[in-house]
Amino acid sequence: QLQLVESGGGLVQSGGSLRLSCTTSRFTLDYYAIGWFREAPGKEREGVSCMSSSGASTKYADSVKGRFTISRDNAKNTMYLHMNDLKPEDTAIYYCAAALLPADVAMCASESEYVYWGQGTQVTVSS
């Protein structure tokens with residue numbers, strides 16, 4: 001179900017930064033684990049970063065470790081993906097998603113756990 005709304009994508013030069021945001025007015029994000037996924041042209045969708053509902057656990061794909069940071073602001077019912085030192089291979093459509101998981105579980109490997117999704121936002125990194 002498309003219950004989340006992303007924003008913040010765009011065109012940026014290699015080495016630049018972007019911040020993606022994702023929010024909803026349909027439910028309270030506090031109780032949900034959150035995740036960011038991306039789908040590059042010709043590739044399968046992959047998990048980029050995930051965070052547990054408690055915020056205590058996070059996971060990152062090896063390709064983005066040290067460059068991307070996931071965060072959440074429960075007061076604003078919003079999650080973020082801060083992306084630094086962007087590379088052309090980061091070009092993709094980025095999706096946010098939410099899942100009901102145990103409080104300290106962050107899971108990027110299983111998309112089927114995620115019940116709510118955003119419509120996607122395009123990130124293009126030029127060389």
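Me: To begin, how many salt bridges does the structure hold?

Reply: The structure holds 6 salt bridges. Please keep in mind that this is a predicted model. One of the salt bridges is formed by the side chains of Arg38 and Asp90, at 3.0 Å from N to O. Arg38 belongs to strand β4 (residues 33-39) and Asp90 to the loop between β8 (78-83) and β9 (92-99), so this pair ties together parts that are 52 residues apart in sequence.

Me: Are those two buried or exposed?

Reply: Arg38 is buried, with a relative accessible area of 6%. Asp90 is buried as well, and its relative accessible area is 1%. The cut-off for buried is under 20%.

Me: Which residues are linked in a network of salt bridges?

Reply: The network links Arg38, Glu46, Arg67 and Asp90.

Me: And why can such side chains pair at all?

Reply: Side chains of opposite charge can pair when their charged atoms come close.

Me: What about Lys87 and Asp85?

Reply: The side chains of Lys87 and Asp85 also meet in a salt bridge, at 3.6 Å from N to O. Lys87 is partly exposed, with a relative accessible area of 28%. Asp85 counts as partly exposed too, at 40% relative accessibility.

Me: Changing topic: how many disulfides are there?

Reply: A search of the whole structure finds 2 disulfides. One of them joins Cys22 to Cys96, with an S to S distance of 2.0 Å. Cys22 is in strand β3 (residues 18-23) and Cys96 in strand β9, so the pair ties together parts that are 74 residues apart in sequence.

Me: What is the handedness of the link between Cys22 and Cys96?

Reply: The disulfide is right-handed, because the torsion about its S-S bond is about 65°.

Me: Which cysteine is joined to Cys50?

Reply: Cys50 is joined to Cys108 by a disulfide with an S to S distance of 2.1 Å. Cys50 lies in strand β5 (residues 46-51), and Cys108 is in the loop between β9 and β10 (114-118), so the pair ties together parts that are 58 residues apart in sequence. The link of Cys50 and Cys108 is right-handed, with 130° about the S-S bond. Both Cys50 and Cys108 are buried.

Me: What is the pairing when the bonded cysteines are numbered in sequence order?

Reply: Numbered in that way along the protein chain, the pairing is 1-3, 2-4.

Me: Let us step back to the chain as a whole. How many helices and strands does it have?

Reply: The protein chain has 0 helices and 11 strands. Read along the sequence, its pattern is β-β-β-β-β-β-β-β-β-β-β.

Me: What radius of gyration does the chain have?

Reply: The protein chain has a radius of gyration of 13 Å. A compact globule with 127 residues would have one near 14 Å, which agrees. The C-alpha atoms fill a box of roughly 40 × 25 × 25 Å along the principal axes.

Me: What share of the residues is buried?

Reply: Buried residues make up 48% of the 127 residues in the protein chain. The accessible surface comes to about 6,200 Å², and 48% of that surface belongs to carbon and sulfur atoms.

Definitions and conventions
Residues are numbered from 1 along each chain as its sequence is written. This is a predicted model: local features need pLDDT of at least 70, side-chain atom pairs count only at pLDDT 80 or more; totals for chains, interfaces and linings use all residues. Side-chain values use heavy atoms; hydrogens and water are left out. A salt bridge is a side-chain nitrogen of Lys or Arg within 4 Å of a carboxyl oxygen of Asp or Glu. Helices (H or I, at least four residues) and strands (E, at least two) are DSSP runs, numbered from the N terminus. Buried means under 20% relative accessible area, exposed over 50%, partly exposed in between (1.4 Å probe, protein chains only). A disulfide is a pair of cysteine sulfur atoms within 2.5 Å. The radius of gyration is taken over C-alpha atoms; the globule rule is 2.2 Å times the number of residues to the power 0.38. Accessible areas come from the Shrake-Rupley method with a 1.4 Å probe; for residues, only the protein chains shown count as cover.
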